Amino acid sequence: MTEQPFTMRDMAGVTVLVCADGPPLADERAALDLIGDAGYRGARWVAVPAARCGDDFFRLRTRIAGDIVQKFANYRMGLAILGDIRSRTATSTALRDFVRESNRGGQLWFLPDEDALAARLVESGP
């Protein structure tokens, strides 16, 4: 496990590893590091600032986002990307559709902030 800045939070009865600024979530290895940290601490969700997701994450043709999300799904851990990504979705129909579909599910959410994540976890139940 790598040393990364994060805090553990209880949100609606769900343990969430909330990441601060840190190394980019740029590949499957970075995803596995976060999954390992979260799993070790009993978290069921990981919240990552959108700023830690590089340009390639948001360019769906690179498949980086899909590969990372698949790792989280394999380990039955939710991933929330927190922050304003409107400038990115405004210029990409594919990304806008991906965000909308992700937010309909229970594995990956794109949300503005921690308060929105807590509210979403309340809605979805423990």
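# Helix faces, loops and overall form

Reader: Against which elements do the buried residues of helix 3 pack?

Author: The buried residues of helix 3 pack against helices, including helix 1 (28-40), helix 2 (55-58) and helix 5 (93-104); buried means under 20% relative accessible area, exposed over 50% and partly exposed in between, with a 1.4 Å probe and protein chains only. Helices (H or I, at least four residues) and strands (E, at least two) are DSSP runs, numbered from the N terminus, and a contact means heavy atoms within 4.5 Å. The packing of helix 3 also involves strands, namely strand 3 (45-49), strand 4 (78-82) and strand 5 (108-111).

Reader: What kind of model is this, and which pLDDT limits apply?

Author: Residues are numbered from 1 along each chain as its sequence is written, and side-chain values use heavy atoms, with hydrogens and water left out. The model is predicted: totals for chains, interfaces and linings use all residues, whereas local features need pLDDT of at least 70 and side-chain atom pairs count only at pLDDT 80 or more.

Reader: Which residues of helix 3 are buried, and how wide is their arc around the axis?

Author: Within helix 3 (residues 64-74), the buried residues are Ile64, Ala65, Ile68, Val69 and Phe72. They lie on the same side of helix 3, because the arc that they cover around the axis is only 125°. The arc is that of the directions from the helix axis to the C-beta atoms. The residues asked for are therefore Ile64, Ala65, Ile68, Val69 and Phe72, and the arc is 125°.

Reader: How are the buried residues of helix 6 arranged, and which exposed residues does the opposite face carry?

Author: Ala116, Leu117, Arg120 and Leu121 are buried in helix 6 (residues 114-124). Viewed down the axis, these residues fall within an arc of 135°, so they line one face of helix 6. They pack against strand 1, strand 2, strand 3, strand 4, helix 5 and strand 5. On the face turned away from the buried side, the exposed residues are Asp115 and Val122.

Reader: In what order do the helices and strands follow one another?

Author: The protein chain has six helices and five strands. Along the sequence, the pattern is β-β-α-β-α-α-β-α-α-β-α.

Reader: What is the radius of gyration of the protein chain?

Author: The C-alpha trace spans about 35 × 30 × 25 Å along its principal axes. The protein chain follows the pattern β-β-α-β-α-α-β-α-α-β-α. It is as compact as a globular protein of 126 residues, because the globule rule gives 14 Å and the computed value is close to this. Taken over C-alpha atoms, with the rule being 2.2 Å times the number of residues to the power 0.38, the radius of gyration is 13 Å.

Reader: What share of the contacts joins residues at least 24 apart?

Author: Of the 126 residues of the protein chain, 40% count as buried. Among contacts between residues at least 6 apart in sequence, the share that joins residues at least 24 apart is 70%.

Reader: Where does Arg9 lie, and which residues does it touch?

Author: Arg9 is found in strand 1 (residues 6-11) and counts as partly exposed, at 33% relative accessibility. Arg9 and Glu114 are 105 residues apart in sequence, with a C-alpha to C-alpha distance of 10.0 Å. Not counting residues up to four places away in sequence, Arg9 touches Val14, Thr15, Val16, Val18 and Glu114.

Reader: What is the phi of Arg63?

Author: Most residues other than glycine have a negative phi. Arg63 is found in the loop between helix 2 and helix 3 and is exposed, with a relative accessible area of 59%. Although Arg63 is not a glycine, its phi is positive, at about 70°.

Reader: What is the phi of Ala12?

Author: Ala12 is found in the loop between strand 1 and strand 2 (14-19). Ala12 is partly exposed, with a relative accessible area of 35%. Ala12 is not a glycine, yet its phi is positive, at about 55°.

Reader: Is Arg52 buried or exposed?

Author: Arg52 is found in the loop between strand 3 and helix 2. Pro24, in the loop between strand 2 and helix 1, touches Ala30 and Arg52, not counting residues up to four places away in sequence. With a relative accessible area of 5%, Arg52 is buried.
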